[in-house]
Amino acid sequence: MEIVLNKRVPVAGEYDVVVCGGGPSGFIAAIAAAGAGARTALIERYGFLGGMATAGLVMPISVFSYNDERVIGGIPWNFVERLRDMGGAIVEQPLNNISFDPELYKLCAQRMVNEAGVDCYMNSWISDCDVSDGTIRHVIFENKNGTEALSGKVFIDATGDADIAHMAGVPMQPVEGWPLQPASMIFCLDGVDTESELVKSVMHHNKQGVNFHCEPIRAKLAEISEKKDIPSFGGPWFCTLIRKGAIAVNMSRRAADACDNRDFSRAEQALREDAFALTQLLRENFPEFKDCRLSATAAQAGPRETRRILGAHTITAGEYLNAFNYPDSVSRGCHPIDIHIAGENYQNLRFLEKAAYVPYRALYAGDFPNLLASGRCLSADREAFASLRVQASAMGAGQASGVAAAMCAKSGLSVADADVAKLQAELRKLGAVI
C-alpha cells in the first residue's frame with residue numbers, strides 16, 4: 001500500500017553552494033566555500049555540528065601528521081588550534097591525533113561556520129532532491145517549518161552515507177561479497193582511575209605504528225567470553241575527555257546497515273544495551289573501573305561503512321598503499337587501513353609507510369555536473385576507504401570540495417571541468433598539504 005502526496009514546497013533560499021551534512025567534512029566544506037566567496041548554506045540533521053565527532057563521540061580526530069610531517073593542514077588545522085586555545089583539545093604528538101571535549105567541539109565549529117557567513121539550516125532532515133538530466137536543482141528537507149527546499153549552483157554531499165548522491169541516481173561502489181564493517185556505540189564513563197598505568201598508557205593516542213587498544217582488558221574479556229556470553233567487543237580503545245576520571249570508550253560492535261532504517265534501529269538499541277553490559281564487565285573485573293559510571297552514550301551509533309560513490313576515479317588500495325601522487329591530488333590520508341569484522345573481536349590493520357593522496361576525480365561522478373562528494377562519500381575501494389573514512393581525512397576532502405564548489409559556482413563550469421591547477425593553488429594558499 002502507498003499514498004501519493006501532492007504539495008507545494010517553498011524554496012527557503014537560493015545559494016551558490018549548498019552543503020548537505022555538518023559533520024567533520026561538511027562544516028569544513030561550508031567554511032571553505034564561504035571563504036572562497038560563495039553564498040553558502042549548510043543543512044544539518046542535528047541541532048549542532050560535528051557529526052560523528054559530536055553525535056557519535058568518535059575520538060580522537062585522527063590523523064593530521066605522519067613521519068613527522070603535517071599531512072592535513074589549512075582550515076582543518078585552524079579548527080584544531082582554535083579548539084585547543086578554547087581548552088577543548090589536546091594535540092597528541094607526533095601524529096597530531098586530537099583528543100577533544102565534544103561540547104567545545106560543537107561550540108568551536110559553530111563559531112567558525114557563523115563567522116564565515118554560512119546560513120545554517122539545523123534540525124533538518126534531507127528527504128529528496130530535484131534532479132534534471134543529472135543536474136541537481138534543489139534539495140528538499142523536513143523540519144518544524146514543514147517541507148522546504150534550497151536551490152544551488154553546486155551541491156556537496158557530506159552526509160556520510162552518500163544520501164544526496166543516492167537520491168540523485170549516482171552509481172555506488174559495489175558491496176557484494178562481504179559484510180559491512182560493524183557499527184559501534186561509543187559511550188563515556190566517569191569515575192575511572194585515569195591516573196592508573198593501565199588507562200593512562202592507552203588514552204593518549206601518541207605513537208606512530210601502534211594500535212592503542214588496551215591489551216590487558218582485551219585478553220581478560222576474551223577469557224571471560226569463553227565461559228559465558230558477553231556482548232561482542234572490539235579494542236577496547238579509550239580516549240581522554242580532558243578531565244580527570246573521564247574517558248570515551250570504543251568497544252561495542254554490531255553488524256548493521258546504517259542505510260536501512262529498520263536494521264539500524266535494531267542495531268542501535270542492541271548497542272545501547274551492550275554499552276551498559278560492557279560497563280558492568282569493566283566495573284566487576286578491573287579495579288581501575290570499580291567506581292565508574294556510564295555518563296553518556298552517543299546520540300547515534302557510528303557506522304564505519306555504508307554507501308560511497310563510484311566516481312570519475314576510484315582510489316585503489318594499490319594506489320593508496322604506494323602513496324601514488326595524482327596530477328589532481330587535493331588532499332591526503334595517513335590513518336592505517338582499518339577493517340573491522342562484524343561478529344568478531346579483531347580487526348585487519350595495515351599501517352602505511354607514507355601518507356597517501358586523494359585525487360579531485362574521486363570527489364565527483366562524471367554524469368552529475370554540479371555534485372561533489374566529500375568525507376565518507378568519496379570514491380574509494382574498500383581497503384583505501386578503510387583509511388580515508390576517519391575525521392582528519394574527511395576534513396581535508398571537505399576543504400577541497402568546498403573550494404572547488406565555490407570555483408565552479410562562480411565560473412559556471414561543471415565540477416568535472418574545474419581548473420585543477422587553480423584549485424590546488426587555492427588549497428595551498430589555505431595551508432593544505434598536497
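In this predicted model, helix H2 (residues 75–85) packs against helix H3 (residues 102–115) at an angle of about 125°. Their axes lie 10 Å apart. H2 is therefore oblique to H3. The crossing of the two helices is right-handed. From H2, the contact is made by Ile75, Asn78, Phe79, Arg82 and Leu83. H3 contributes Leu104, Tyr105, Cys108, Ala109, Arg111, Met112 and Glu115. By class, the residues of this contact divide into eight nonpolar, one polar and three charged.

H2 also packs with helix H1 (residues 24–35). Here the angle is about 110°, and the axes are again 10 Å apart. That angle makes H1 roughly perpendicular to H2. The crossing of H1 and H2 is right-handed. Phe27, Ile28, Ile31 and Ala32 of H1 make the contact with Ile75, Pro76 and Phe79 of H2. Seven nonpolar residues form this contact, with no polar and no charged ones.

A further partner of H2 is helix H10 (residues 391–411). The axes of H2 and H10 come within 8 Å and cross at roughly 125°. The two helices are therefore oblique to each other. On the H2 side the residues are Ile75, Pro76 and Phe79. They meet Met395, Gly396 and Gln399 in H10. This contact holds four nonpolar residues, two polar and no charged.

Elsewhere in the chain, four strands form an open sheet. Their order is S12-S13-S11-S14, and the pairing is antiparallel. Strand S12 (233–240) and strand S14 (293–297) are the edge strands, each pairing on one side only. From one strand to the next, the twist averages 30°. S12 pairs with strand S13 (residues 247–252) in the antiparallel sense, over five bridges. Thr240 stands opposite Ile247 in S13.

Two helices pack on this sheet. Helix H6 (residues 215–225) touches S12 and S13. The direction of H6 makes about 150° with that of S12. Helix H7 (residues 261–285) touches strand S11 (187–190), S12, S13 and S14. The direction of H7 makes about 155° with that of S14.

Thr314 is found in the loop between S14 and helix H8 (317–321). Neighbours within four places in sequence aside, Thr314 is in contact with Gln173, Glu319, Ser379, Ala380 and Asp381. Thr314 and Pro359 are 45 residues apart in sequence. In space, their C-alpha atoms are 9.1 Å apart.

At the level of the whole chain, the protein has eleven helices and 19 strands. The C-alpha trace spans about 60 × 55 × 45 Å along its principal axes. A compact globule of 434 residues would have a radius of gyration near 22 Å. The protein chain has 21 Å, which agrees with that value.

Methods: Residues are numbered from 1 along each chain as its sequence is written. This is a predicted model: local features need pLDDT of at least 70, side-chain atom pairs count only at pLDDT 80 or more; totals for chains, interfaces and linings use all residues. Side-chain values use heavy atoms; hydrogens and water are left out. Axes are lines fitted to C-alpha atoms, for helices over the stretch in contact, and angles run from 0 to 180 degrees between N-to-C directions. Angles under 35 degrees count as roughly parallel, over 145 as roughly antiparallel, 65 to 115 as roughly perpendicular and the rest as oblique. A crossing is left-handed if the near helix is turned anticlockwise from the far one by less than a right angle, and right-handed if clockwise. Contact means heavy atoms within 4.5 Å. Ala, Val, Leu, Ile, Met, Phe, Trp, Tyr, Cys and Pro count as nonpolar, Asp, Glu, Lys and Arg as charged, and the others, Gly among them, as polar. Two strands pair if DSSP finds at least two bridges between them. The radius of gyration is taken over C-alpha atoms; the globule rule is 2.2 Å times the number of residues to the power 0.38.
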